[in-house]
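Work through the exercises below with the model open. Each task is followed by its solution.

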Amino acid sequence: MKEQFLWGGATAANQFEGSWDKDGRGTALVDVIPHGENRQAVMDGTFDYRKLPKESYFSGRKAVNGFENYKEDIVLLKELGCKCYRFSISWSRIFPTGEESQPNENGLNHYENVIDELNKYGIEPIITICHFDIPLALIEKYGSWKSREVIDCYLRYCEALFHRFGKKVRYWITFNEINMLMHLPFMGAGLMFQDSDNVLQIQYQAAHHELVASAMAVKLAHQLDPDLKIGCMLAAGSVYPYSCRPEDVWESRQKDRENDFFIDVQSRGEYPSYARAFFERNHICIEMLPEDEQILKENTVDFIALSYYNSRCIRTDGKGDQA
């Protein structure tokens, strides 16, 4: 029904807020991604941000100053007729290093003001818990999602959000475009690599930690209020075979599965057979705790969200992909 259709806009804290050093916010992943020639290598995790030139410019630190201007922006959303607004919370604005025992009250107050302003204008808030955003301290201490330790930090963060905003926000997304971990590992999940690293092993182990964290966040939210809706998020784009040659058809399916893998686990609650076969072929061994499979199975998401960027064709005759 048209009255139930949510039409709106979206922002990410790391592209919108700025004010990176205000009200006790800690340094985050986005704060060390530079503008210019080193940007891609840092986002890939192949260039150490600590080796950047001193004159590097970090556009995320200023962004569009949404932290200061959110009230005017919400008025504009209302004038546009928006019925919802999806935005993300800056993890390091709530837990500056990710390991504090108590959340930063200034950060919680800011987002409560944003939520109250949205509700005042009848705009449904949709919150992304982690949108390419992790406290830098967790990257430097644990290697980000390489380490299972980060799951507990993430859940402490989720718990603070659900308890503070659970009565005012119905829709939540655990990770924005979770599959970007495979394409831009540092930007997507704070991963950095050495030349000797088994990159695929590290990526899929980190993915497992995020998938478990996502499932446990679903459990936390539903324990607090079964009516809360917790979803997953995918960077989507279908891959079509360039021709009817079986090789092209099969390759297009394999490429789609690279992305589908994440939401298959989050929505169905288990690793699909094609993923297990891929792990075996590539000698990838995912370290799991005995309870992980049960956690995934019992805490699937309530909805699937996606950003659809493009479609492309793929061919296996050596002549390249076709956008």
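**Exercise 1. Describe the overall fold content and dimensions.**

Solution. The protein has 12 helices and eight strands. The model is predicted. Next, take the extent. Along the principal axes, the C-alpha atoms fill a box of roughly 55 × 55 × 40 Å. A compact globule of 323 residues would have a radius of gyration near 20 Å. The protein has 20 Å, so the value agrees with the globule rule.

**Exercise 2. Characterise burial, contacts and surface.**

Solution. Start with burial: 51% of the 323 residues count as buried. Then take contacts between residues at least 6 apart in sequence. Of these, 78% join residues at least 24 apart. Finish with the surface. The protein exposes about 15,800 Å², and carbon and sulfur atoms supply 50% of that area.

**Exercise 3. Which residues make the nonpolar surface patch of about 370 Å²?**

Solution. The patch is made by Phe5, Trp7 and Leu80. Locate one member: Phe5 sits in the segment before β1 (8-10). Check its exposure. Phe5 has a relative accessible area of 52%, so Phe5 counts as exposed, the cut-off being over 50%.

**Exercise 4. How many disulfides does a search of the whole structure find?**

Solution. The search finds zero. A disulfide needs the sulfur atoms within 2.5 Å.

Now compare accessibility. Cys232 is buried, at 0% relative accessibility. Cys285 is exposed, at 55%.

How values were computed. Residues are numbered from 1 along each chain as its sequence is written. This is a predicted model: local features need pLDDT of at least 70, side-chain atom pairs count only at pLDDT 80 or more; totals for chains, interfaces and linings use all residues. Side-chain values use heavy atoms; hydrogens and water are left out. Patches are made of residues with over 30% relative accessible area and no salt bridge: like charges are joined within 9 Å, nonpolar side chains (Val, Leu, Ile, Met, Phe, Trp, Tyr) within 5 Å. Accessible areas come from the Shrake-Rupley method with a 1.4 Å probe; for residues, only the protein chains shown count as cover. A salt bridge is a side-chain nitrogen of Lys or Arg within 4 Å of a carboxyl oxygen of Asp or Glu. Helices (H or I, at least four residues) and strands (E, at least two) are DSSP runs, numbered from the N terminus. Buried means under 20% relative accessible area, exposed over 50%, partly exposed in between (1.4 Å probe, protein chains only). The radius of gyration is taken over C-alpha atoms; the globule rule is 2.2 Å times the number of residues to the power 0.38. Contact means heavy atoms within 4.5 Å.
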